[in-house]
Amino acid sequence: MSGDIDGKIFLGRSDKPEYLSLKLANRHGLATGATGTGKTVTLQTLAEGFSRAGVPVFAADIKGDLSGIAMPGEGPDWIVKRCAEIGIDYVPDEFPVIFWDLFGEQGHPVRATVSEMGPLLLARLMNLNEVQEGVLNVVFRVADEQGLLLLDLKDLRAMLAFVAENAGKLTTSYGNVSTATVGAIQRQLLVLENQGADKFFGEPALKISDLMRVEPRSGYGTISILAADKLMGAPQLYATFLLWLLSELFEELPEVGDPDKPKVVFFFDEAHLLFDGAPKALLQKIEQVVRLIRSKGVGVYFVTQNPLDVPESVLAQLGNRVQHALRAFTPRDQKAVKSAADTFRPNPALDTARVITELGKGEALVSTLEGNGTPSIVQRTLIAPPAGRVGPITPELRRVAIQRSPVRGIYDETLDADSAYEMLARRAAESPAPETPAPTQADAAGGGWISDVLGGLFGGGRTRGRMTISEQVTRQVTREVTNQVTKAILRNILGGARRR
């Protein structure tokens, strides 16, 4: 049914078949359009095409609609009709799928260690200001120098407490480290824990190789689907996790230049969350990763409603475009339509800006990179329907898929390794406790607090450490005098009370 040919993915039909070249698929892409115009179906069609070509896929499933890709298609009337319109036969297909979930509820748990996340992304995740981010960098540096592993959030909390306790010593080496700043970071860490992020940090950490599996019998690339409906309640965690995943791919994969097909393709739905409110340093990192990761054989496809959601520096690197309908009711909408139209290579037969507002559901303007790396002329295209099931699957079918997963048992149980929290706790237990003087007879009698007060008035009071014999004698005499004075005061008070 797919209409794919060697080295290409069939996208749909304009006045001719429209294809995405696998050799140029690592030049990234963009799928945009208003809600309800067919972006999710287009994403599924692309994911299936990559899988059939043996390319692993990672995609975030915002609404649960993408989960149907795990089951063979059922051929509803609208799909059969669309296949007839674009000149292909409908043949259902099924694809190898692994379900993931940061909270471990709708898929295998996904975890990363605090060290892997790093201070830059953690600062973004906790909304830290520059001063707080600087102190967080100090925490990571001290942990590294002292061989203290930062695996989960309790490790980070323990390390923050350690830095606060030793702030005076650290200031000379790392600059000012105030306990107030550490306290502010601890509060933000508490907010993070309340959002459920404590389930994400820890071990066993996700292995990138488990996102790059190819099913041995069919040769299909595995489609990893991240359940993100609950995760969208913590949008910064969602965006930071996906950026971390991109960074890990960039760090771990070798340079391959421009391969015949990508090593893995990454779909980033609700892409605006990555850029909203991001500080300049983080935007620069995103731009760098997107620009350089294609040489590692990774294709990144942003999915969002509005092309204006993506900064121009990133937008310029997205060579393959699928534009669904946009509505132009407000000045910002009109600007978005014009912006979207201007990103395409013009077609003399189309008024691109006008067509964007007229597209029906399942229609899109398509422009992909051609053999020499230049964008093709934009074409109004009927998008090919998926071969897998469209829409969400039942919780029962999801559980069956998880039980049959090739990574079953690898990530399902949390490991609590020996790390900073345990190491610092041992240090505290092994440190000698300060000497405390034994309680005196006066203390035992309950008058110790009065003795302390009066002793303070007379220049005495409790002392710590070793004393000379003369000091001990002086202290004993002072205590006896103090006790006598105390008793006299109490007699006068009680006697006066009786007389009254």
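**Close-up views of a predicted model**

**View 1. The loop that holds Pro204.** In this predicted model, Pro204 sits in the loop that runs between helix 7 (179–194) and strand 7 (223–227). The peptide bond joining Glu203 to Pro204 is cis, with an omega of about 0°.

**View 2. His28, a buried loop residue with positive phi.** His28 is found in the loop between strand 2 (17–21) and strand 3 (29–32), and its phi is near 70°, a positive value in a residue that is not glycine. With a relative accessibility of 1%, His28 counts as buried, because buried residues are those under 20% relative accessible area.

**View 3. Asn127, an exposed loop residue with positive phi.** Asn127 belongs to the loop between helix 3 (114–125) and helix 4 (130–145), and its phi, near 60°, is likewise positive in a residue other than glycine. Its relative accessible area is 53%, so Asn127 is exposed, the cut-off for that class being over 50%.

**View 4. The largest nonpolar core and the surroundings of Phe241.** The largest nonpolar core has 87 residues, of which Met159, Phe200, Phe201, Phe241 and Phe302 touch the most other members. Helix 8 (residues 235–252) gives the most to this core, contributing 10 residues. When residues up to four places away in sequence are not counted, Phe241 touches Phe58, Leu102, Val110, Phe200 and Leu226.

Technical notes
Residues are numbered from 1 along each chain as its sequence is written. This is a predicted model: local features need pLDDT of at least 70, side-chain atom pairs count only at pLDDT 80 or more; totals for chains, interfaces and linings use all residues. Side-chain values use heavy atoms; hydrogens and water are left out. Helices (H or I, at least four residues) and strands (E, at least two) are DSSP runs, numbered from the N terminus. Buried means under 20% relative accessible area, exposed over 50%, partly exposed in between (1.4 Å probe, protein chains only). A nonpolar core is a set of buried Ala, Val, Leu, Ile, Met, Phe, Trp, Tyr and Cys residues joined through side-chain atoms within 4.5 Å. Contact means heavy atoms within 4.5 Å.
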